[in-house]
Amino acid sequence: MKIVPRMALSSLIGILFVLTSAWSQDDMTAVDNSVFSNPQRTPSVFVHDEHNEAADIDDCAECHHVYADGERVEGESSEDQRCSECHDLEGSDDRPTLIKAFHTHCKGCHQELKKGPIMCGECHKKGQP
Ligand code: HEC
Ligand code: HEC
Ligand code: HEC
Ligand code: HEC
């Protein structure tokens, strides 16, 4: 008699956990590549929170930036938007194409800090789903 409500409660907590984490970054393990119509590579490894902690990046806008008149707007970030909402596949005169936006950004920092992967297969791992 007592086991039933406890089981119901734990499964309810389980459902709530799945519902909330599905919309946040804490369970993100790779960068979604579905905007590329015919992906050539596996999605790049990127364990969002773990990565940013290991890399010691506090400012969300380091990646989720906002620009106005060619200048980065300090104190504002765009983490509610996909990179592809501003960077399309063709690019525009002042904005890099989506693939370039990712590569310049990710590899650029790794090269600058001499930390983090810069080889294709280190990010686009074989056998990744
Ligand atoms: C630091 C990590 C990193 C490295 C190193 C890297 N990429 Fe990527 N690449 C990404 C991310 C992030 C994306 C965006 C979407 C995704 O997850 O594939 C991407 C997207 C792509 C795409 C467009 C999507 C697709 O699969 O067609 C191609 C092609 C690609 N990369 C090829 C390469 C090649 C070739 C190299 C080596 C010269 C390379 N990448 C190195 C992170 C990386
Ligand atoms: C090192 C770069 C980087 C930093 C720093 C960063 N993010 Fe992200 N974040 C990303 C990338 C890349 C994506 C995937 C974007 C895409 O798919 O277009 C993402 C996606 C997200 C998403 C959407 C998750 C989903 O499942 O679609 C949220 C929410 C988010 N980030 C919040 C944050 C917050 C809050 C911070 C600061 C505490 C932060 N990010 C810092 C790179 C970063
Ligand atoms: C709200 C729109 C917006 C979003 C979202 C956005 N960008 Fe940008 N990004 C821009 C604009 C505008 C520029 C051009 C800046 C300029 O005028 O030089 C830019 C420039 C860049 C550049 C070249 C300059 C630089 O800062 O190195 C890279 C790389 C880049 N974005 C990567 C990304 C990545 C990766 C994401 C997702 C994590 C992202 N952007 C999300 C608007 C956006
Ligand atoms: C502002 C700097 C910065 C940016 C931007 C950045 N990284 Fe990194 N990354 C690092 C540092 C620093 C490390 C090494 C952390 C450590 O010491 O373990 C790292 C490590 C990694 C690793 C290896 C460790 C792990 O988490 O598996 C991967 C994969 C990686 N980065 C992918 C990416 C991708 C994909 C992007 C772009 C969406 C990106 N990084 C953007 C700084 C950055």
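Mentor: Let's start at one contact in this predicted model: a polar side-chain atom of His-87 sits 2.8 Å from a nitrogen atom of ligand 3. His-65 makes a contact of that kind too, with a polar side-chain atom 2.8 Å from a nitrogen atom of ligand 3. Now look at the metal itself. The iron atom of ligand 3 has His-65 and His-87 as its protein donors, each through NE2, at 2.0 Å. That pair brings together distant parts of the chain, 22 residues apart: His-65 is in the loop between helix H2 (48–54) and strand E1 (67–68), while His-87 is in the loop between strand E2 (71–72) and helix H3 (98–113).

What about the geometry? The iron atom of ligand 3 has six donor atoms, with angles of 86 to 179° among them, and the site is octahedral. For reference, the ideal angles for six octahedral donors are 90 or 180 degrees. His-87 counts as buried because its relative accessible area is 12%, under the 20% cut-off. His-65 is at 26%, so it is partly exposed.

Step back a bit and you see 16 residues around ligand 3, with His-65, Tyr-67, Cys-83, Cys-86 and His-87 coming nearest. Tyr-67 has a polar contact of its own, from a polar side-chain atom to an oxygen atom of ligand 3 at 2.8 Å. The biggest contribution to this shell comes from H3, with three residues. By residue type, the shell splits into six nonpolar, seven polar and three charged.

Now put ligand 4 next to that. The protein donors of its iron atom are His-51 and His-110, again NE2 in each case, at 2.0 Å. Here the pair joins two helices, with His-51 in helix H2 and His-110 in helix H3, 59 residues apart. The six donor atoms around the iron atom of ligand 4 subtend angles of 87 to 179°, so this arrangement is octahedral as well. His-110 is buried because its relative accessible area is 15%, whereas His-51, at 28%, counts as partly exposed.

The shell here has 17 residues, of which His-51, Cys-106, Cys-109, His-110 and Pro-117 come nearest. H2 and H3 each supply at least two residues, and H3 gives the most, with five. The composition is ten nonpolar, five polar and two charged residues.

One last thing, if you check backbone torsions along the way. Most residues other than glycine have a negative phi. Asp-56 has a positive phi of about 60°, and its place is in the loop between H2 and E1. Its relative accessibility is 61%, so Asp-56 counts as exposed. Asp-69, in the loop between E1 and E2, also has a positive phi, of about 50°. Asp-69 is exposed because its relative accessibility is 81%.

Notes
Residues numbered from 1 in each chain as written. Chains lettered and ligands numbered in written order. Predicted model: local features only at pLDDT ≥ 70, side-chain atom pairs only at ≥ 80, totals over all residues. Heavy atoms only, no water. Donors = N, O, S within 2.8 Å, 3.2 Å for Na, K, Ca; no water. Tetrahedral: all angles 85-135°; square planar, octahedral: opposite > 155°, others 65-115°. Helix = DSSP H or I, 4+ residues; strand = E, 2+ residues; numbered from the N terminus. Buried < 20%, exposed > 50% of the residue type's maximum accessible area, 1.4 Å probe, protein only. Near = heavy atom within 4 Å. Polar contact = N/O pair within 3.5 Å; in protein donor to acceptor, adjacent residues only side chain to side chain. Nonpolar A, V, L, I, M, F, W, Y, C, P; charged D, E, K, R; others polar.
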